[in-house]
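Dear colleague,

I am handing over the structure we spoke about, and my notes on it follow below. Please read them beside the coordinates.

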Amino acid sequence: MAQLWGGRFTKETDQLVYQFNASISFDKKFYQQDVEGSIAHVRMLGKQGILTKEESQEIVKALKEILQEVEEGKLEISHEYEDIHSFVEATLIDRLGDVGKKLHTGRSRNDQVALDMRMYTRQEVLETDELLEEMLNVILTIMENNIDAYMPGFTHLQKAQPVTLAHHLGAYFEMFKRDRQRMEDIYRRMNYCPLGSGALAGTTYDLDRYDTAEQLGFYGPTLNSMDGVSDRDYLLEFLSALSTIMMHLSRFSEEVILWNSNEYQFVEIDDAYSTGSSIMPQKKNPDIAELVRGKTGRVYGALFSLLTTMKGIPLAYNKDMQEDKELTFDAIDTAKGCLALFTGMLSTMKFQKENMESSAKHGFTNATDAADYLVNHGVPFRDAHGIVGRLVLYCIEKNLAIDDLSLEELKEISPVFEEDIFEAVSMETCVEKRLTLGAPGPRAMKQVIAMEKKYLSEDWKTAVKDWEGELLK
């Protein structure tokens with residue numbers, strides 16, 4: 001078909017070149033954003049007297065019909081068009097004739113695609129934030145119900161000191177909370193409108209860029225037309241944030257995989273989120289956690305691909321930037337899917353609290369507290385460290401926990417031990433005496449949980465204007 005830009009050319013583009021150049025196969029995702037941006041643009045043109053009021057209204061009416069028909073499946077986005085902009089404009093011209101040709105007045109495909117991508121990404125930021133919020137609510141519920149569920153805390157994957165399940169999952173709450181804060185930060189920095197930048201140098205038409213920005217829910221217009229059409233920083237920031245989310249999910253997945261193993265038996269994954277083996281009937285595999293861990297590299301790849309694409313591009317727009325879409329779409333879909341599935345898995349997971357507590361006891365996580373006991377009874381710390389080291393060695397030889405020893409056995413290693421040692425090294429005491437804010441003690445945990453509840457009640461998205469409802473009236 002003849003291209004909308006074909007006036008400069010004397011022959012048709014080679015078919016292979018056309019296919020290589022075309023983006024309709026993936027930028028058709030933008031049909032809604034492209035129509036919405038066009039409606040705002042045409043209304044502004046009518047307001048400014050660049051189009052007549054009647055022309056503006058006629059075009060807007062037809063654009064709304066096109067949007068509705070695409071959404072209802074009555075109008076197919078055909079691959080005979082080069083991109084989504086060409087499809088919308090050509091369909092409009094088919095229906096309105098010469099009036100439809102006025103849609104593109106004062107606008108370039110460069111600022112069109114910049115607008116579409118920014119609007120699409122903005123919506124994806126909001127949807128990712130909602131998924132993170134759901135994840136945080138699930139984590140917080142588990143925290144509230146497990147303030148006294150004792151388990152080993154690890155360093156170097158070695159049992160170190162006793163903590164609680166609430167405290168352990170609280171670390172992931174902080175990670176995903178920071179991820180949400182990044183969503184807010186990205187949204188606030190990216191929410192400026194490039195429409196009106198033209199190809200790179202604005203336009204001679206008397207456009208009201210503040211008007212289109214307001215119609216489309218932006219804080220205002222971008223302030224440099226060259227940057228307006230060539231900026232992809234917001235995409236890099238979003239892909240970076242998605243990569244961090246996937247890193248957090250991957251760390252969490254690794255722990256779920258370990259906890260699900262026969263060696264740990266800390267959790268039981270719901271049947272809906274696991275699969276069996278084709279040959280070994282006893283197995284219950286943590287497939288969702290493994291897939292989330294595996295898909296992390298896929299999101300990293302999108303970030304590094306776009307960084308590489310952008311690193312050598314001079315101002316302003318270049319066709320290289322068409323490569324910002326496919327991998328970004330895949331990364332967004334991957335991260336959102338992983339968040340949704342992991343949240344579902346976590347919400348249905350059963351925690352084996354007795355196994356967790358037993359693991360903490362037999363992992364000598366209270367050894368530091370035993371050394372503190374000796375120090376509090378006048379033994380120099382270096383000597384206390386050596387005494388408890390011998391005590392642990394004795395327990396390993398006997399396959400016992402420190403709590404399992406008799407007072408006589410303890411006194412053979414150090415006469416300083418008295419009856420109160422058993423209370424001092426109990427899991428309950430070891431955890432409860434850790435009172436500093438951020439520690440696993442119940443008083444500190446309850447304080448943190450109250451703070452996290454307050455954080456979740458103050459949703460930043462409530463301040464985001466519902467512009468779309470107004471635009472499509």
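Contact here means heavy atoms within 4.5 Å. This is a predicted model, in which local features need pLDDT of at least 70 and side-chain atom pairs count only at pLDDT 80 or more, while totals for chains, interfaces and linings use all residues. Residues are numbered from 1 along each chain as its sequence is written, and side-chain values use heavy atoms, with hydrogens and water left out.

Threonine 334 lies in helix H12 (residues 326-348), helices being DSSP runs of H or I of at least four residues, numbered from the N terminus. Not counting residues up to four places away in sequence, threonine 334 touches Lys295, Arg298 and Val299. It counts as buried because its relative accessibility is 9%, the cut-off for buried being under 20% relative accessible area with a 1.4 Å probe, protein chains only.

Val299 is also one of the buried residues of helix H11, and what covers those buried residues includes helix H9 (225-230), helix H10 (233-260) and H12. The 24 residues of H11 (residues 287-310) should span 34 Å at 1.5 Å a residue, and the end C-alpha atoms are 36 Å apart, which agrees; the expected span is 1.5 Å times one less than the number of residues.

Conventions:
Helix = DSSP H or I, 4+ residues; strand = E, 2+ residues; numbered from the N terminus. Buried < 20%, exposed > 50% of the residue type's maximum accessible area, 1.4 Å probe, protein only.
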